[in-house]
Amino acid sequence: MIKSLKYDKKYLEFLLVLGEILVAIIIIVTVIISSFQTLIMIGHMIKIEYPNKSDILELIDMSILLLLALDLLRTVIVGIAEKQIPIKNIIEAAMIVIVREMIVNTLMNSSPLYLIYLSIAFLTISIAFVIISKFLKD
């Protein structure tokens with residue numbers, strides 16, 4: 001019975017590491033594709049005399065998503081190396097997502113109420129980050 005539990009635990013750990021490696025590979029492929037798409041977008045913007053607002057907004061959005069994917073890749077790699085998911089990095093990624101939404105929606109002239117909601121969400125996640133930083137020692 002005890003040997004069976006050890007094998008089950010090792011099997012589950014192996015599956016977890018395998019899943020994390022697959023997620024890392026998917027993120028790497030996404031980053032490569034997004035990088036090429038961003039470079040193509042920049043090439044098209046250079047050819048145009050004056051890039052319009054939507055092209056610039058799309059470039060900013062793609063660049064921030066690319067940075068977010070790289071940050072998630074770093075989180076997965078650190079999680080595989082340390083055999084635990086770093087909570088602070090996940091909260092940082094959530095903060096990046098909210099800031100991205102704020103930038104995109106500000107440039108698109110969305111409603112001020114939606115920006116207030118995003119600000120409240122960012123403040124809440126920032127408080128969680130401070131609390132976790134205070135109680136979890138690296």
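**Charges.** I started with the charges: the protein has 12 positive and 12 negative ones, and their mean positions lie 12 Å apart. Here Lys and Arg count as positive, Asp and Glu as negative, with His and the chain ends not counted. I placed each charge at NZ of Lys, CZ of Arg, CG of Asp or CD of Glu.

**Ground rules.** This is a predicted model, in which local features need pLDDT of at least 70 and side-chain atom pairs count only at pLDDT 80 or more, while totals for chains, interfaces and linings use all residues. Residues are numbered from 1 along each chain as its sequence is written, and side-chain values use heavy atoms, with hydrogens and water left out.

**Overall build.** I read the sequence order as α-α-α-α, with four helices and zero strands in the protein. Helices (H or I, at least four residues) and strands (E, at least two) are DSSP runs, numbered from the N terminus. How does the radius of gyration sit against the globule rule? The protein comes out at 20 Å, well over the 14 Å that the rule gives for 138 residues, so it is more spread out than a compact globule. For the record, that radius is taken over C-alpha atoms, and the rule is 2.2 Å times the number of residues to the power 0.38. I also noted the C-alpha trace, which spans about 70 × 35 × 25 Å along its principal axes.

**Surface and contacts.** Of the 138 residues, 24% count as buried. Buried means under 20% relative accessible area, exposed over 50%, and partly exposed in between (1.4 Å probe, protein chains only). Next I took contacts (heavy atoms within 4.5 Å). Among those between residues at least 6 apart in sequence, 62% join residues at least 24 apart.

**H1.** I picked Ser35, which sits in helix H1 (residues 2-47). Ser35 counts as partly exposed because its relative accessibility is 25%. From Ser35 to Leu12 I get 34 Å, C-alpha to C-alpha, for 23 residues of sequence.

Does the span of H2 agree or disagree with 1.5 Å a residue? Helix H2 (residues 53-82) has 30 residues and should span 44 Å; its end C-alpha atoms are 43 Å apart, which agrees. The expected span is 1.5 Å times one less than the number of residues. Inside H2 I looked at Leu59. Leu59 is buried, because its relative accessible area is 18%. Leaving out residues up to four places away in sequence, Leu59 touches Thr38, Met41, Ile42 and Met45. Leu59 and Gln37 are 9.5 Å apart, C-alpha to C-alpha, and 22 residues apart in sequence.

Lys83 follows H2 and has a positive phi, near 60°. The loop holding Lys83 runs between H2 and helix H3 (87-107). At a relative accessible area of 72%, Lys83 is exposed. Lys83 and Lys9 are 74 residues apart in sequence, yet 14 Å apart, C-alpha to C-alpha.

**H4.** Helix H4 (residues 112-135) has 24 residues and reaches 35 Å from first C-alpha to last, close to the expected 34 Å. Which H4 residues did I find buried? Leu118, Ser126 and Ile132 are buried there. Ser119, also in H4, counts as partly exposed at 34% relative accessibility.
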